[in-house]
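Colleague: Thanks for making time for this. Could we go through the model together, one question at a time?

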Amino acid sequence: MNTRMKKTTITLAALAVSLACATVSAQDLGGLGGKLGGMLGGNGGSLSSGSMGNVAGLLQYCVKNNYLGGDTGASGLAGKLLGKTEGGTSNSDYQSGLSGILKGNNGKTTNLSDVGGGDPDLKSKLTTKACDIVLKQGKKFLGH
């Protein structure tokens with residue numbers, strides 16, 4: 001095999017690996033969206049009682065870690081939700097949310113700090129999607 005053919009083979013192999021990784025990432029992102037949407041009641045449901053505090057904490061987590069853009073109003077929304085949460089900042093669901101732990105209405109939890117399987121880019125995409133879902137849920141809680 002000549003040098004040009006080796007370079008072409010290596011380039012094609014690298015492209016195939018890149019495409020495979022992109023496909024896996026897209027599938028993981030879509031899968032997480034479905035999972036989180038189900039946990040958050042994506043079809044018109046809501047988080048279970050007491051979880052308004054979890055959403056407030058998660059929004060703070062998302063803002064603190066720069067997973068939401070500055071114009072989302074997430075901090076103000078989190079404050080309003082926290083004001084309606086029994087126990088305020090002492091609420092255990094709120095504290096879990098601050099740590100990045102999403103508590104679903106089905107009793108399942110997802111730790112946003114652990115998503116992405118060690119891939120920082122995938123973690124960022126997955127967590128950003130989760131934060132967007134949580135932001136929408138928070139707005140629904142307040143009737144926005």
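Colleague: Which handedness does the crossing of α2 and α3 have?

Modeller: Happy to start there, keeping in mind that this is a predicted model. Helices α2 and α3 pack with their axes 8 Å apart, at an angle of about 155°. An angle over 145° counts as roughly antiparallel, so α2 is roughly antiparallel to α3. As for the handedness, the crossing of α2 and α3 is left-handed.

Colleague: Nice. Which residues in α3 does α2 meet?

Modeller: On the α2 side, the contact uses M52, V55, A56, L59, Q60 and V63. Their partners in α3 are A74, S75, L77, A78, L81 and L82.

Colleague: Between those two helices there is a loop. What is phi of N66 near?

Modeller: N66 sits in the loop between α2 and α3. Its relative accessible area is 66%, and over 50% counts as exposed, so N66 is exposed. The phi value is positive although the residue is not glycine, and it is near 60°.

Colleague: Moving on to α3 and α5, at what angle do they pack?

Modeller: Helix α3 covers residues 74-83, and its axis is 10 Å from that of α5. The crossing of α3 and α5 is left-handed. From α3 the contact takes A74, L77 and L81, while α5 brings L135, G138, K139 and F141. The packing angle is about 50°, which makes α3 oblique to α5.

Colleague: Now the covalent side. Which residues form a disulfide?

Modeller: A search of the whole structure finds one disulfide. Its sulfur atoms are 2.0 Å apart, and the residues are C62 and C131. The pair links distant parts of the chain, 69 residues apart: helix α2 (residues 52-64) and helix α5 (residues 120-141). Both cysteines are buried, C62 and C131.

Colleague: And what is the handedness of that disulfide?

Modeller: For this we look at the torsion about the S-S bond of C62 and C131. The torsion is about -85°, so the disulfide is left-handed.

Colleague: I would also like to check the rings. How is the pair of Y61 and Y67 arranged?

Modeller: The whole structure holds one aromatic pair by this search. The rings of Y61 and Y67 have their centres 6.3 Å apart, with planes at 25°. Planes under 30 degrees apart count as stacked, so the pair of Y61 and Y67 is stacked.

Colleague: Are Y61 and Y67 buried or exposed?

Modeller: The cut-off for buried is under 20% relative accessible area. Y61 has a relative accessibility of 8%, so Y61 counts as buried. Y67 is at 14%, so Y67 also counts as buried.

Colleague: To finish with the whole chain, what pattern does it follow along the sequence?

Modeller: The chain has five helices and two strands. Of its 144 residues, 37% count as buried. Among contacts between residues at least 6 apart in sequence, 69% join residues at least 24 apart. Read along the sequence, the pattern is α-α-α-α-β-β-α.

Key
Residues numbered from 1 in each chain as written. Predicted model: local features only at pLDDT ≥ 70, side-chain atom pairs only at ≥ 80, totals over all residues. Heavy atoms only, no water. Disulfide = S-S within 2.5 Å. Helix = DSSP H or I, 4+ residues; strand = E, 2+ residues; numbered from the N terminus. Buried < 20%, exposed > 50% of the residue type's maximum accessible area, 1.4 Å probe, protein only. Phe/Tyr/Trp six-rings, centres within 6.5 Å; stacked < 30°, edge-to-face > 60°. Axes fitted to C-alpha atoms, helices over the stretch in contact; angles between N-to-C directions. Parallel < 35°, antiparallel > 145°, perpendicular 65-115°, else oblique. Left-handed = near helix turned anticlockwise from the far one by under 90°. Contact = heavy atoms within 4.5 Å.
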